[in-house]
Amino acid sequence: MWIRPDWIYTDLHPILFSSSKSKAEMKPSRPQATKTADSAMEKFKTFSYSTSFLKSRLFSSSTHLKKRPPTSHCRNEVPLKLGTSLDMPSVADKTSIDKFLNEKCRSGNVSPDEAHYVFDCMIQRQPTPPMSSFNKLFTALVKNKHYDDVISLFKRFNSTGLLPDLITFNILLNCLCNVSRACDGFAVLGTILRRSFFPDIVTFNSLIKGLCREGRITKVTCLFKKMKAFGCRPDVVTYGTIINGLCRTRNTSLALKLHEEMVKGNGETGAICKPSIVSYSALIDGLCKDGLLEKAKELFSEMTDRGINPNVFSYTSLIHGLGCWGKWEEAICVIVEMMDQHVQADVVTYNVIIDELCKKRNFVKAYELLELMDQRGVKPDTITYNTLIDRICKNGKIDKANELLEIMIQRGVNPDTVTYNTLIDGFCKNGKIDKANELLELMIQRGVNPDIFTYNTLIDELCKNGKIDKAIELLELMSQIGVNPNTVTYNTLIDGFCLAGRIDDARELFVAMKNKGCRHDFFSYSIMINGYCKNRKLEEAMSVFSEMISVGVTPDATTYTTMLRGFFQAGMSTHAKKMFGDMRLNNVEPDEYTYNILIDGLCKNGCVSKAIDVFHTLKKGKLDLSIETYNCFLHGLCKTGRLEFACKLFHKFAQEGLLPNVITYNIIINGFCKEGQLKEANDLLSNMEEKGFAPNVITYNTLMHGFLHNDEATKVVELLHVMAERNIMPDASTASIIINLLLKDEKYCGCILTWQSVRLSSWKYCCSDVNG
């Protein structure tokens with residue numbers, strides 16, 4: 001005799017047998033729902049970003065819920081019409097009920113309305129049909145995955161006083177586990193024990209499947225070990241379910257151990273069943289996802305050696321694994337073998353191959369494979385098109401991706417939220433916000449609800465284009481239609497306000513964000529600190545920085561660098577040096593950009609000796625300094641009159657193995673010009689060209705300013721002609737030089753004709769800039 005373990009619930013959960021109102025009865029009435037939608041619609045009309053069509057569609061979806069007419073509980077009273085193919089009056093007699101159960105239920109072609117009607121007839125019959133008849137009806141619903149209907153009917157069944165048998169309980173338990181209610185499944189197990197039934201392998205397999213579905217692997221292991229206490233030995237389904245669950249939760253090593261127990265027929269469980277195609281396929285899939293391809297191939301060979309023919313799932317898992325890990329040639333061999341073994345590829349197989357082709361940008365072959373699917377009778381699904389659309393968008397061909405959406409709809413494949421989000425994101429990244437808006441309208445027109453990603457993408461693009469007020473309207477719309485903004489939404493809007501110079505509005509939203517239940521993250525604080533620093537509000541920036549640390553959000557090198565730059569720009573070098581010290585004290589390692597800001601800031605704030613110390617410390621630390629760091633240091637030296645030191649450092653570049661760039665030459669040329677050493681500056685220009693560095697407009701402007709200041713107008717004209725010959729676009733500074741040249745002597749007006757012949761439009765632009 002076995003004893004019921006303590007760990008099993010002994011009472012059924014109240015929800016299974018309560019006489020409370022059904023879900024349909026608990027729903028708000030249609031007038032209430034309509035009133036809510038109408039109220040939201042009035043607010044929605046203020047949103048000018050979307051069209052009126054978009055507005056109406058968004059709210060129409062909130063009132064489409066249908067309620068099943070309540071079934072009768074009174075004797076001799078049956079619903080007359082449910083709109084099904086069933087001849088309702090004729091089923092009331094015993095023969096018709098039996099015919100329905102034996103023919104229609106066996107085929108599984110039973111709608112929920114038919115099942116409820118027949119159930120009413122059955123419980124009103126005298127005598128009541130046997131329990132096997134009810135089980136047939138419930139099983140037919142399970143075949144069509146109408147799990148909630150089975151649970152609902154069981155509650156009514158129980159309230160009539162009828163006694164379920166073990167099969168009925170197993171059906172109920174299976175339904176509960178399939179809707180992720182394994183806890184209620186254990187309550188049913190408790191009732192099975194309380195009513196002196198012996199739970200069988202079906203009972204335990206259903207519970208194990210439910211726990212695996214919920215990812216509760218520890219509970220699965222516990223239940224698996226305790227099956228023997230009930231005299232139940234795990235079968236091939238048990239092992240297959242557990243192995244599949246372990247692999248789905250990335251516990252592949254445990255799944256492999258269990259598989260080995262099956263193969264050897266020993267171990268703690270005393271396994272006597274052999275692995276099946278299900279367990280092999282699950283393991284191969286799990287091993288491939290973990291990158292253990294050799295072990296996956298070994299298991300694949302073991303499976304075929306044991307006389308188990310691989311199925312489409314086995315082949316697809318191996319193909320996908322090999323493709324993901326760059327072994328495409330081996331994947332092709334598996335595809336060929338699959339065809340040789342006459343295993344018909346399914347939509348998942350084609351999706352895997354299409355994805356790999358798209359990754360290699362072989363879109364022509366991917367399109368050919370899409371057509372081949374139709375020829376082979378395999379209908380492409382949403383994932384097929386989503387894969388193609390995503391890869392095409394990432395390749396920058398957004399219009400081609402949009403054409404594919406049209407093809408998808410024409411072929412009867414319904415796009416989902418992912419499809420539209422991918423295209424909306426693609427249009428936004430290509431600066432086509434109007435197209436993105438049109439797609440949002442189409443999305444809602446087709447009954448696909450936008451999610452948080454949809455709105456965040458649109459808000460981000462609006463903020464980048466300076467349309468912050470439109471973005472705020474979209475935020476308000478989100479709240480009205482029940483899509484809650486998240487931290488990313490608020491961070492994007494706060495950054496948008498900062499970019500627009502509306503720092504007070506950014507602060508207001510920063511505070512409101514917390515009040516609405518969205519916690520500030522690292523980016524929230526960093527955006528506010530950067531915004532305050534750019535607006536020279538260092539006290540406020542420091543306040544946010546302190547708050548960031550106090551709530552346990554750790555600043556990184558970028559945050560500290562932002563504060564450093566802000567202090568230096570405000571001339572607060574003492575505060576900057578203290579901030580840098582705090583950074584080191586808090587074990588935040590400065591990066592190259594931090595040192596660039598530090599050196600540049602020290603030089604510009606008259607702390608050149610300190611900048612030199614930092615530079616030498618960096619060199620002694622054998623840190624690989626980039627040309628950008630050297631440029632910052634050279635600029636600081638030249639600006640503080642240390643040209644000779646800068647030149648020495650510049651000439652050592654070759655020894656350091658460092659290659660200067662145009663900016664480097666411009667810094668030294670500017671230094672020579674400021675010191676009046678125009679010959680050296682001009683020689684450096686020639687040296688620059690000899691070494692293959694093309695001077696830019698800044699180079700010529702710097703030299704021309706120097707020559708003009710030194711009253712060498714002829715040299716200025718020569719350089720202007722060189723710029724014209726080399727087709728170098730002038731800027732406002734160039735125009736200013738020409739005007740100053742004309743003010744000195746009108747005879748140089750000929751240089752204007754030179755510019756008109758080469759860059760008339762550019763000259764007009766420069767003049768308009770100067771005059772404006």
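In what handedness of crossing does α40 pass α41? The crossing is left-handed. The model is predicted. This briefing covers that helix pair, a second pair formed by α15 and α17, and helix α23 with its surroundings.

**Helices α40 and α41**
- Helix α40 spans residues 697-709, and helix α41 spans residues 713-725.
- Their axes lie 9 Å apart and pack at an angle of about 165°.
- That angle makes α40 roughly antiparallel to α41, because angles over 145 degrees count as such.
- From α40, Val697, Tyr700, Leu703, Met704, Phe707 and Leu708 take part in the contact.
- They meet Lys715, Val716, Leu719, Leu720, Val722 and Met723 of α41.

**Helices α15 and α17**
- Helix α15 (residues 277-289) packs on helix α17 (residues 312-324) at about 10°, with the axes 9 Å apart.
- The two are therefore roughly parallel.
- Ile277, Ser281, Ala282, Ile284, Asp285 and Cys288 make the contact from α15.
- On α17, the contact residues are Phe313, Ser314, Ser317, Leu318 and Gly321.

**Helix α23**
- Helix α23 has 13 residues, 417-429.
- From first C-alpha to last, α23 reaches 18 Å, close to the 18 Å expected at 1.5 Å a residue.
- Aspartate 416 caps its N-terminal end, with a side-chain oxygen 3.2 Å from the backbone nitrogen of valine 418.
- After α23 comes glycine 431, with a positive phi near 75°.
- Buried residues of α23 include Tyr420, Leu423, Ile424, Phe427 and Cys428.
- The buried residues of α23 pack against α21 (382-394), α22 (398-410), α24 (433-445) and α25 (452-464).

Notes. Residues are numbered from 1 along each chain as its sequence is written. This is a predicted model: local features need pLDDT of at least 70, side-chain atom pairs count only at pLDDT 80 or more; totals for chains, interfaces and linings use all residues. Side-chain values use heavy atoms; hydrogens and water are left out. Helices (H or I, at least four residues) and strands (E, at least two) are DSSP runs, numbered from the N terminus. The expected span of a helix is 1.5 Å times one less than its number of residues. Buried means under 20% relative accessible area, exposed over 50%, partly exposed in between (1.4 Å probe, protein chains only). Contact means heavy atoms within 4.5 Å. A polar contact is a pair of N or O atoms within 3.5 Å; within protein, one must be able to donate a hydrogen and the other to accept it, and residues adjacent in sequence count only if both atoms are side-chain atoms. Axes are lines fitted to C-alpha atoms, for helices over the stretch in contact, and angles run from 0 to 180 degrees between N-to-C directions. Angles under 35 degrees count as roughly parallel, over 145 as roughly antiparallel, 65 to 115 as roughly perpendicular and the rest as oblique. A crossing is left-handed if the near helix is turned anticlockwise from the far one by less than a right angle, and right-handed if clockwise.
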